[in-house]
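Hello! Here is the structure I promised to pass on to you. Have a look at it first, and then read my notes below.

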Amino acid sequence: MNAELITGELTVSGLARSFAVRLPPEQQGIFLAGDDVSWTPAWVEGAVQTSLNAVWGIMHHLGGTTHRDNPGPGDVFARLAPLELPD
Ligand SMILES: Cc1cc2nc3c(=O)[nH]c(=O)nc-3n(C[C@H](O)[C@H](O)[C@H](O)COP(=O)(O)OP(=O)(O)OC[C@H]3O[C@@H](n4cnc5c(N)ncnc54)[C@H](O)[C@@H]3O)c2cc1C
């Protein structure tokens, strides 16, 4: 669960992670992409990364899965997600 989103506090960190967390039913099914909701705003890298994340999120939301030999960003998010730093 993503506490930032559950409490309605929409931070960039919360938005960028939202594709991979289980949200309350009323918040499910919306996926954001673009450099402005990434960890690297104003760089193409953030636009591409959040797009790939959103595609995985949509697929997962609709009940799809990736091939076990080719995991998507949400499949490995717990292991590879950016570290959360203290404020
Ligand atoms: C001059 C300049 C130089 C840059 N140089 C670099 C660089 O060297 N390296 C780098 O990594 N990044 C660079 N960037 C940043 C890079 O261009 C952006 O990070 C990237 O384009 C963001 O992609 P995006 O898909 O998030 O948004 P965008 O590329 O802005 O795409 C958003 C799209 O949504 C459309 N849109 C907006 N509102 C609506 C609406 N209501 N309905 C339908 N469509 C809508 C827009 O027309 C646009 O096509 C540069 C940016 C600029 C302006």
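The chain has 4 helices and 0 strands; both are DSSP runs, helices being H or I with at least four residues and strands E with at least two, numbered from the N terminus. This is a predicted model, in which local features need pLDDT of at least 70 and side-chain atom pairs count only at pLDDT 80 or more, while totals for chains, interfaces and linings use all residues. Residues are numbered from 1 along each chain as its sequence is written.

The chain averages 85, with 89% of its residues at 70 or more.

Do take a look at α3, which covers residues 44–61. Its buried residues are G46, T50, N53, W56 and G57, where buried means that 20 or more other C-beta atoms, placed from the backbone, lie within 10 Å of the residue's own. Seen down the axis of α3, they fall within an arc of 120° (taken from the directions from the helix axis to the C-beta atoms), so they line one face of the helix. That face packs against α2 (12–17). After α3 comes G63, with a positive phi near 95°.

Finally, the ligand: around it are G34, D35, A42, W43, V44, E45 and A47, each with its C-beta atom, placed from the backbone, within 6 Å of the ligand.

Enjoy exploring!

Note on methods: Expected span 1.5 Å × (residues − 1). Buried ≥ 20, exposed ≤ 12 C-beta atoms within 10 Å, placed from the backbone. Contact = placed C-beta atoms within 7 Å. pLDDT = per-residue confidence, 0-100.
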